[in-house]
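Here's a quick tour of some charged side chains and a helix pair. Have the model open while you read.

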Amino acid sequence: MIWYMIRRRADKLANAVGLVTLGFGVVLTAMPRRSAAALGLGDRPVLARAVGLTDLVVGSGVLCGRPRWPWMAARAALNLALTGCYAAEANRSDGGRWAHTGAIAMASLTVVDATLARALVN
């Protein structure tokens with residue numbers, strides 16, 4: 001019974017994560033320069049668009065893929081890579097003030113997504 005409740009909550013959270021990921025994917029893909037600046041990635045529109053396209057694929061996989069856990073694991077891996085991008089941006093001499101915050105946020109989301117991926121395995 002407890003396993004069922006955990007799995008049900010994990011599925012609901014995965015639905016929310018998938019929708020948010022798709023939303024970010026659309027915005028990052030459609031407006032990469034503005035998105036990169038707003039998210040603290042500096043002047044890196046190519047990176048923003050690449051992340052956006054990846055988010056579109058991963059978000060669709062989280063929502064529609066079966067099993068779902070590999071898609072959540074892929075999202076965790078993407079977040080880990082983004083942590084590195086934010087850290088690199090923060091270390092630049094002209095690094096944006098939001099880059100440190102972005103690195104912390106992405107590292108935190110990596111843990112959340114990896115935990116959710118594990119909960120979806122069962």
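A residue counts as buried under 20% relative accessible area, as exposed over 50%, and as partly exposed in between. Asp-11 has a relative accessible area of 22%, so it is partly exposed. Keep in mind that this is a predicted model.

Now for the salt bridges.

| Pair | Distance, N to O |
|---|---|
| Asp-11 and Arg-7 | 3.2 Å |
| Arg-33 and Asp-43 | 2.5 Å |
| Asp-113 and Arg-75 | 2.3 Å |

Asp-11 and Arg-7 sit 4 residues apart in helix H1, about one turn of the helix. Arg-33 is in helix H2 and Asp-43 in the loop between H2 and H3, so their pair ties together parts 10 residues apart in sequence. Asp-43 is exposed, at 59% relative accessibility.

The pair of Asp-113 and Arg-75 links distant parts of the chain, with Asp-113 in helix H5 and Arg-75 in helix H4, 38 residues apart. Asp-113 is buried at 1% relative accessible area, and Arg-75 is buried too, at 11%. Salt bridges with shared partners also join Arg-7, Asp-11 and Arg-68 into one network.

Among the residues Asp-55 touches are Thr-21, Phe-24 and Ser-60.

The axes of H3 and H4 come within 9 Å and cross at roughly 160°, which means H3 is roughly antiparallel to H4. The crossing is left-handed. In the loop between the two helices lies Pro-67, and the peptide bond from Arg-66 to Pro-67 is cis.

Note on methods. Residues numbered from 1 in each chain as written. Predicted model: local features only at pLDDT ≥ 70, side-chain atom pairs only at ≥ 80, totals over all residues. Heavy atoms only, no water. Contact = heavy atoms within 4.5 Å. Axes fitted to C-alpha atoms, helices over the stretch in contact; angles between N-to-C directions. Parallel < 35°, antiparallel > 145°, perpendicular 65-115°, else oblique. Left-handed = near helix turned anticlockwise from the far one by under 90°. Salt bridge = Lys/Arg side-chain N within 4 Å of Asp/Glu carboxyl O. Buried < 20%, exposed > 50% of the residue type's maximum accessible area, 1.4 Å probe, protein only. Lists of a residue's contacts leave out its neighbours within four places in sequence.
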